[in-house]
Amino acid sequence: PAEHRAEAVVELAVPDVLVRLRWLNPRRVDPAGRGRSRLRLGASSTTELVGELIDVLRLGVPTSITSSDELRATLREVAASIDASGSPR
């Protein structure tokens, strides 16, 4: 079992999630209602888990994330860093 975990619910059906996130183990994706999926993510470090969550967020669909306080703090740091870097050129 991974040391760091998070759960994300995305507004995409399971088959669409699996096509778009090919790295995701299909056993970690469950239906969460009509056109929604629950993704169970895990990694050995918060940095690795943040990378997975960024991939999920890049799907560009409404997403809710449930995670530890430590991971939320890391996500806030990443968001602040992105915001401080300005817009891409």
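**View 1. Valine 29 sits in strand S2.** Strands (E, at least two residues) and helices (H or I, at least four) are DSSP runs, numbered from the N terminus. This is a predicted model: local features need pLDDT of at least 70, side-chain atom pairs count only at pLDDT 80 or more, and totals for chains, interfaces and linings use all residues. Residues are numbered from 1 along each chain as its sequence is written, and side-chain values use heavy atoms, with hydrogens and water left out. Valine 29 has 6% relative accessibility, so it counts as buried (under 20% relative accessible area; exposed is over 50%, partly exposed in between; 1.4 Å probe, protein chains only).

**View 2. The surroundings of valine 29.** Contact means heavy atoms within 4.5 Å. Neighbours within four places in sequence are set aside. Valine 29 then contacts Val14, Val17, Leu18, Leu24, Ser37, Arg38, Leu39 and Arg40. Valine 17 is twelve residues from valine 29 in sequence, and their C-alpha atoms are 8.2 Å apart. Across in S3, leucine 39 stands opposite valine 29.

**View 3. Four strands form an open sheet.** Their order is S2-S3-S1-S4, with antiparallel pairing. Two strands pair if DSSP finds at least two bridges between them. Strand S2 (29-31) and strand S4 (63-67) stand at the edges; each has a single partner strand, so one side of each lacks a neighbour in the sheet. From one strand to the next, the twist averages 20°. S2 and strand S3 (residues 37-43) run antiparallel and are joined by three bridges.

**View 4. Helix H2 lies across the sheet strands S1, S3 and S4.** H2 spans residues 46-57, and S1 spans 4-10. The helix runs at about 155° to S3. Axes are lines fitted to C-alpha atoms, for helices over the stretch in contact; angles run from 0 to 180 degrees between N-to-C directions.

**View 5. The largest nonpolar core has 19 residues.** Such a core is a set of buried Ala, Val, Leu, Ile, Met, Phe, Trp, Tyr and Cys residues joined through side-chain atoms within 4.5 Å. Val10, Val17, Leu39 and Val56 have the most contacts inside it. S1, helix H1 (14-20), S3 and H2 each supply at least two residues of this core. H2 gives the largest share, four residues.

**View 6. Glutamate 52 lies in helix H2.** Glutamate 52 is buried yet has no salt bridge (a side-chain nitrogen of Lys or Arg within 4 Å of a carboxyl oxygen of Asp or Glu). The nearest side chain of opposite charge, arginine 28, is 7.6 Å away. Lys and Arg count as positive, Asp and Glu as negative; His and the chain ends are not counted.
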